[in-house]
Amino acid sequence: MCEGDPSSVVMRVSVAPVCMWTSSSDCRFDMHDFQQLDATLDMANCKGTWSAPLWMTPDHWSGGGASGEVDMVEQCPAESLCSNFAGGGKQKCFSRFTPDNFHGHVTMRKEATGRVTVSICEGNTSCDLKDGASYSNIYASNGCHNQNCMFRLMSDIWLATDGDKGWRSCSKSTYKKDSRCAFSISDIRIASSQPFSGKCAAVNPTTVDAVLLRYPHNYSRLIT
């Protein structure tokens, strides 16, 4: 995260191989309280690099696609801009966008049933979630069922010569030697029934209504 600003992340590759990551470990949240996340996404020169500009992981991670991990923005495969769930749920790659030059928005919403929907779109307002990636019930995931259901935001670039199963799958066991991938996640806002406090308050609007006023695009279908 940017120093003193939990609502923004900036990462840039200057030499390869390199791996970098950051976590909002000081701003964890209970998924039962979570309602919606919105953020601005900018990417440049990232095609072919396994990056995950914005994702969230539970305290207890196990089981891959059953873990509850939500990859709101990930290059998997490395040539594409996708939303997925570590192999679970209904994943979606947005082929009309290129990670070499993109400015837009990401929206994630959780319904009362535990269903999670994510989408990436152009523009500066919230995304239409109608055709987004989806996970049927995050409460039934390994991170929530019989666990504390606490999550934190993550961002990373894995530009390495070796790695785990994810690296082999997303990067096809290769890395882009001349990569100069750069991205920023900014203006992160999380609507929650339990407001953040202290330095973390920067990410949490006062009420859900504040989010709806700020990002009004196509929200009527989600709240009626």
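Which side chain meets that of Lys199 in a salt bridge? The partner is Asp26, with N and O 2.9 Å apart. A salt bridge here is a side-chain nitrogen of Lys or Arg within 4 Å of a carboxyl oxygen of Asp or Glu. The pair links distant parts of the chain, 173 residues apart. Lys199 lies in the loop between E13 and helix H2 (208-214), and Asp26 in the loop between E2 and strand E3 (29-30). Helices (H or I, at least four residues) and strands (E, at least two) are DSSP runs, numbered from the N terminus. Both Lys199 and Asp26 are exposed. Exposed stands for over 50% relative accessible area, buried for under 20%, and partly exposed for values in between (1.4 Å probe, protein chains only).

The model is predicted; local features need pLDDT of at least 70, side-chain atom pairs count only at pLDDT 80 or more, and totals for chains, interfaces and linings use all residues. Residues are numbered from 1 along each chain as its sequence is written, and side-chain values use heavy atoms, with hydrogens and water left out.

The whole structure holds four salt bridges. Arg28, Asp59 and Arg152 are linked in a network of them. Arg28 meets Asp59 at 2.4 Å, N to O. Arg28 lies in the loop between E2 and E3 and Asp59 in the loop between strand E5 (51-58) and E6, so this bridge ties together parts 31 residues apart in sequence. Arg152 also pairs with Asp59, the closest N and O atoms being 3.6 Å apart. Arg152 belongs to strand E12, 93 residues from Asp59. Arg28 is partly exposed at 35%, Asp59 at 32% and Arg152 at 24%.

The loop between strand E11 (133-135) and strand E12 (150-159) contains Ile138. Ile138 is buried, because its relative accessibility is 0%. Its contacts (heavy atoms within 4.5 Å) include Met31, Val70, Val116 and Phe151. Cys149 is found in the loop between E11 and E12 as well. Cys149 is buried, also at 0%.

Most residues other than glycine have a negative phi, and most peptide bonds are trans. Phi of Cys149 is positive, near 60°. Ser173 likewise has a positive phi near 60°. Ser173 sits between helix H1 (165-170) and strand E13 (182-192), in a loop, and is partly exposed at 39%. A cis peptide bond joins Ala16 and Pro17, with omega about 0°. Another cis bond runs from Cys76 to Pro77, with omega near 10°. Pro77 lies in the loop between strand E6 (70-74) and strand E7 (82-85).

Notes. Lists of a residue's contacts leave out its neighbours within four places in sequence.
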